[in-house]
Every structure is written in structure tokens, then in C-alpha cells.
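Student: I have a model open and would like to go through its layout. Can you take my questions as they come?

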Amino acid sequence: MCDREDLARWAKTTLSRRGFGAGALAGAAMACAPMDNAATGADTPAGSVTGRPVSFRTPDGTLDGEFFAASGTSRPGVVMWPDIAGVRPAKRQMAQRLAEAGYAVLLANPYYRDVAGQQFEDFASFAASGGFDKVKPWRDRFTTATKQIDNRACAAWLMAQAEVDGARGIGVQGYCMTGSYAVVAPSADEHIHAGASFHGGGLVTDDPSSPHRTLREDAHYLIAIAENDDEKAPGDKTALRQAADAANTTAEIEVYPADHGWCVLDSPSYNEVQAERAWSNLLAMYADVL
């Protein structure tokens, strides 16, 4: 990933040019939006999905987020954890798209222990306004145990919703800092059958509770690694493969030819071609498992 100085320069240029304002984000969203059900395999007509704010109790406080689903038919539930810039329009667009592909999607706020709701308009404003320093104390609360608490609470909430077909299991996906949330998710709750990490950080550490040590035998994993992250830690993919083999679990582990952040619409590293490939692989896994 670019360092803070690079991101700050990019953010200031982007904001001054309004490069990721509403118009630009809408254009990127259109590039990623389903064209029609036949072309995408989606079984929910575009426009039938609605989103609403939600909140519920966890052992550590009130977790807030937004829920995207079509009414009238129950679907598999999915927890979508956003990247470091949190809940915002780009992540809502991604949650909406996933719901249109036939899932009931909870876009969850990972910072709920400290703040509720949207904190940044987009990644450019996050980087330009000292977002890294602002969120650091919030991130310092994250441990494998808290990630399991949060995933367990999200799974329980989804299982109680009329729009969710609990018999089909739940998937969890995370981006960048929350890639580890997705990797530990199946170890948190038996109803979580799949975890998908996209350019996730902190998946392999020396800690005894490192995410790669939590893999569950009967779960499925998709671990999509950024090319520049792999350059910095080339041994991580090997450690993940060894952990998956040791757990006798199903895991697709791949280094994508794209940089950290490539899947997120408003990221400076967004790569449409590789983002679409990762999205297709995600849907394929969910179709097989959920």
C-alpha cells in the first residue's frame, strides 16, 4: 500500500479536482453495478433492494451498521466489514450490489466501541484529514477475541432477520484492516460457513491467536492478497497455505496483480479488472457454500 505521505498527496489532489466526489463515485459504481440478472447470475431485480440503519447489542456495546436486503424472500446472510475508512458511500454501493446478487447484507461498523455511523465521506477525505491518526486508538482495541465477539454478534443478529435464510449459513467478508475479521469469522460461530479477505492485513502474525491459526475444518476461505503486500511479506501466503492444509480446510489463496485496496471503489489503488475478478470469485464461493 502507498505510505501515508503518498496517500495524503493523492487525497489533496483528488479532493481539489473533485475526483472522488459524488459524480466520480457514481461513475465507478456504474462500472461495478449489475447490468441485468441474466448477465450477472443475480436473482434479485435491481431496485428491489432497500437499505436501513440498524443497531444491536454486543458484549462490548451497541454495534451499528446498515442492512441491505430484498423483502419477500429469505436469502443467505453476509457480514461486510469495511476497510479503514469505515462505512461510507463506496461501501454502501458494494453492499447494495451484493444484495442484488441474492444476499442479505449487513454492512457493519468496526469502530462501534468508540463512534457510531459514518466518519468519512470517502477515502480521499479520510487520507487528507488525518484519518490514520484519528482511527488509531479505535483500531488499537481490535484483537482476535474482539473480532470473534463482533462476528458472533453479527451472525446472531442476521439469523434473527426475516430476510435471512439461516439454514443456508452466513458468509463474512472484509477489506484491508478487516480482512482478518473474515478469516477469524468461522471460528467465532458455527453458522458462519465462509470467510473472504481482500487485501487483508495482519492475517499472519507471531501471536498464538493469529488469524491464520483460527481456520476451521468445515469452513471455506477466499484470501485475495495484494501484489505489493506480498512483496513486503512473501512468506504470508505460504503460512496461510500451510495453516489451511493443517486444518484440512478449503481455502483459495491467491496473489492478485493489483495493489493494496484494489477492490474498493474509492481507493487510490482501485483496479476494475482485478476487482471484478475478485468479486466473481467471491460470488462463486458463496454460491457453493451458502
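Student: What should I know about the source first?

Tutor: This is a predicted model, in which local features need pLDDT of at least 70 and side-chain atom pairs count only at pLDDT 80 or more, while totals for chains, interfaces and linings use all residues. Residues are numbered from 1 along each chain as its sequence is written, and side-chain values use heavy atoms, with hydrogens and water left out.

Student: How many helices and strands does the protein have?

Tutor: Eleven helices and eight strands. Helices (H or I, at least four residues) and strands (E, at least two) are DSSP runs, numbered from the N terminus.

Student: And what percentage of the residues count as buried?

Tutor: 55% of the 290 residues. Buried means under 20% relative accessible area, exposed over 50%, and partly exposed in between (1.4 Å probe, protein chains only).

Student: Let's take α4. What span should its twelve residues have?

Tutor: Helix α4, residues 89–100, should span 16 Å at 1.5 Å a residue, and its end C-alpha atoms are 16 Å apart, which agrees. The expected span is 1.5 Å times one less than the number of residues.

Student: Why call α4 largely enclosed?

Tutor: Because nine of its twelve residues are buried. Among them are M94, R97 and L98. Just after α4, G102 has a positive phi of about 110°.

Student: Which residues have the most contacts inside the largest nonpolar core?

Tutor: L98, Y103, F198, W262 and Y286, in a core of 37 residues. α11 gives the largest share of this core, eight residues. A nonpolar core is a set of buried Ala, Val, Leu, Ile, Met, Phe, Trp, Tyr and Cys residues joined through side-chain atoms within 4.5 Å.

Student: What is Y286 in contact with, leaving aside its neighbours within four places in sequence?

Tutor: V78, L98, Y103, G171, V172, Q173 and A194. Contact means heavy atoms within 4.5 Å.

Student: What covers the buried residues of α11?

Tutor: The cover includes β3, α4, β5 (170–175), β6, β7 and β8. The buried residues of α11 include Q274, W279 and Y286.

Student: Which residue caps the N-terminal end of α11?

Tutor: N271 does, with a side-chain oxygen 3.2 Å from the backbone nitrogen of V273.

Student: Where does Q274 lie, and is it buried or exposed?

Tutor: Q274 lies in helix α11 and is buried, with a relative accessible area of 11%. Beyond its neighbours within four places in sequence, Q274 is in contact with Y256, P257, A258 and W262.

Student: How do β2 and β3 run relative to β4?

Tutor: β2 and β4 run antiparallel, joined by four bridges, and β3 and β4 run parallel, also joined by four bridges. V105 in β4 is the bridge partner of V78. Two strands pair if DSSP finds at least two bridges between them.

Student: Last one. Where is the place of D266?

Tutor: D266 is in the loop between β8 (250–256) and α11 (272–289). D266 is buried, with a relative accessible area of 1%.

Conventions:
A polar contact is a pair of N or O atoms within 3.5 Å; within protein, one must be able to donate a hydrogen and the other to accept it, and residues adjacent in sequence count only if both atoms are side-chain atoms.
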